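Visitor: I am new to this structure. Please show me how to read it, feature by feature.

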Amino acid sequence: MSGLPSFRAVILMVAAVLVVTAAAGGVVVILGDDLVKTANEPVRRKPTQRPQQPSPRLDQLVPTAAPVKDFGQGGAGVTATPPRVLAIAAGTVPKSTRFALSGLKHVQKVIVVDAGAVKVAGTGLNLLAVDPADFRSWTPQPVADQPAVWSALARGEMVADAGAMRKFGMILGGMYQVDGGPRLRVAASATLGLMGVDGLVSADLGRSLGFAPGVAVLLHGKAGKISESGVRKVLGKGSQVVMLDAAHRTPKQQQPQQQKPQTTVNVGRPGSYLDLYKASATRCPGLSWTVLAAIGQVESSHGRNNGPSSAGALGPMQFMPATWKHYGVDGDGDGKSDIWSPYDAVPGAANYLCANGAGKGGEKLRKAIWFYNHSWDYVNKVMGIAQAYARTYA
């Protein structure tokens, strides 16, 4: 097998490519960059089964950017040994080659796992198939310490990389059908730090999907010290090597200066939802914070019911992923726009409302709220709650 130009291409050559058809309730994949016309969005109706919850005191309700989790927190004290090198061999890596890799200077740990690719609505996902117990230490410490990730893999579910979740518009808890295989549930999302890898499945599931056995190699050692040429030489012709610690290999004086993220608003991380709504409203001159607070109450009870909704809306302000793509902001200056974080979602809602004229008040404000959820009953409800907040916090 000859060398290939990209990591993704190598994965596709060594793994069985499965044609996947979109299934009802499956993962939503956003293709193309066409601006979504908000007027065409469906009304995001709330499930009628949801019990009514009393409105909490906003000055006592603390926002949290922690992702919604299906399982308990805590860890088993696993010490993370992050991979410095990720390589895909042209075929199954034999024990002799593994021993040769472990003998390279500065290499401290080696693991070999299966790899393959699946397709969802024509979009390929590159996956590693791993044993949860063996692979746990190869992930960042916060991921290693999260039982939800490893119990999901043990149950035969998929753990998606956080970047892939955003890129492809996947929804936690969503299902997608593998042609000729099982329906995979996206049970957890984590920052895996594996360039070109979109997610993890269990080794057993990988075998049932026909993944290429023992072709993916991860090496751990001192950052920036493992020889790339040495790894290539041991793995032989046709292998693809990705240096995950590339930042440690460039002299600091030669590294380009990092530009500050382009942000339209930065509200920091206020200590209460009351302060968060007030700070976010400054993003749209003329918009009262009470309108944001009212929307936050209706949509998620201020982060207590973050979804996904029946229509696929996500986070404390219940954005549709396609809308978030165009109106989401980095509200707390951490370098990313996170639909699940109230520190991004609330100023993102202000940005969206302002784009539809909310700052002009009157009928313009009502129309902007209508764009948020296409129902005049919704508009009246939001305005009523906003007036109640104005009286309560006058």
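**Reading strands, helices and a disulfide**

Guide: Start with strand β5, which is covered on both faces: Met 158 and Ala 160 on one side, and Val 159 and Asp 161 on the other, are all buried. Buried means under 20% relative accessible area, exposed means over 50%, and partly exposed is in between (1.4 Å probe, protein chains only). This is a predicted model: local features need pLDDT of at least 70, side-chain atom pairs count only at pLDDT 80 or more, and totals for chains, interfaces and linings use all residues. Residues are numbered from 1 along each chain as its sequence is written, and side-chain values use heavy atoms, with hydrogens and water left out.

Visitor: How many helices and strands does the protein have?

Guide: Helices (H or I, at least four residues) and strands (E, at least two) are DSSP runs, numbered from the N terminus. The protein has 14 helices and ten strands. It has 394 residues, and 50% of them count as buried.

Visitor: Why do the residues of a strand fall on two sides?

Guide: In a regular strand the side chains alternate between the two faces of the sheet. Take strand β8 (residues 199-202) as a case. Gly 199 and Val 201 point one way, Leu 200 and Ser 202 point the other way, and all are buried.

Visitor: Which way does β5 run against β8, parallel or antiparallel?

Guide: Two strands pair if DSSP finds at least two bridges between them. Strand β5 (residues 158-161) and β8 run antiparallel, joined by two bridges. Ala 160 stands opposite Gly 199 there. β5 also pairs with strand β7 (residues 183-190), in the parallel sense, over four bridges. In that pairing, Met 158 faces Val 186 of β7.

Visitor: How many bridges join β4 to β8?

Guide: Four bridges join strand β4 (residues 123-130) to β8, and the two run parallel. Val 130 has Ser 202 of β8 as its bridge partner.

Visitor: How many residues of strand β9 are buried?

Guide: Nine of the ten residues of β9 (residues 212-221) are buried, so the strand is largely enclosed by the rest of the structure. Strand β2 (residues 85-88) runs antiparallel to β9, with four bridges. Leu 86 is partnered by Leu 218 of β9. Strand β3 (residues 107-120) pairs with β9 in the antiparallel sense over seven bridges. There, Lys 109 stands opposite His 220.

Visitor: Now the helices. At what angle do α13 and α14 cross?

Guide: Axes are lines fitted to C-alpha atoms, for helices over the stretch in contact, and angles run from 0 to 180 degrees between N-to-C directions. The axes of α13 (residues 362-372) and α14 (residues 376-392) come within 9 Å and cross at roughly 120 degrees. Contact means heavy atoms within 4.5 Å. Among the residues making this contact are Leu 365, Ile 369 and Trp 370 of α13, and Trp 376, Val 379 and Met 383 of α14. By class, the contact has nine nonpolar, one polar and two charged residues. Ala, Val, Leu, Ile, Met, Phe, Trp, Tyr, Cys and Pro count as nonpolar, Asp, Glu, Lys and Arg as charged, and the others, Gly among them, as polar.

Visitor: What does Ile 295 touch?

Guide: Ile 295 is found in helix α10. It is buried, at 0% relative accessibility. Leaving out residues up to four places away in sequence, Ile 295 touches Met 317, Leu 353, Tyr 372, Tyr 378 and Val 382. The C-alpha atoms of Ile 295 and Ala 349 are 8.9 Å apart, although these residues are 54 residues apart along the chain.

Visitor: And where is Thr 290 found?

Guide: Thr 290 is in helix α10. At 7% relative accessibility, Thr 290 counts as buried. Again leaving out residues up to four places away, Thr 290 touches Ala 386, Tyr 389 and Ala 390.

Visitor: Which cysteines form a disulfide?

Guide: A disulfide is a covalent bond between the sulfur atoms of two cysteines. The rule here is a pair of cysteine sulfur atoms within 2.5 Å. The count comes to one disulfide. Cys 284 and Cys 354 form it, with their sulfur atoms 2.3 Å apart. Cys 284 lies in the loop between α9 (273-281) and α10 (289-300), and Cys 354 in helix α12 (residues 342-355), so the pair ties together parts that are 70 residues apart in sequence.

Visitor: Is each cysteine of the pair buried, or partly exposed?

Guide: Cys 284 is buried, with a relative accessible area of 1%. Cys 354 is partly exposed, at 27%.
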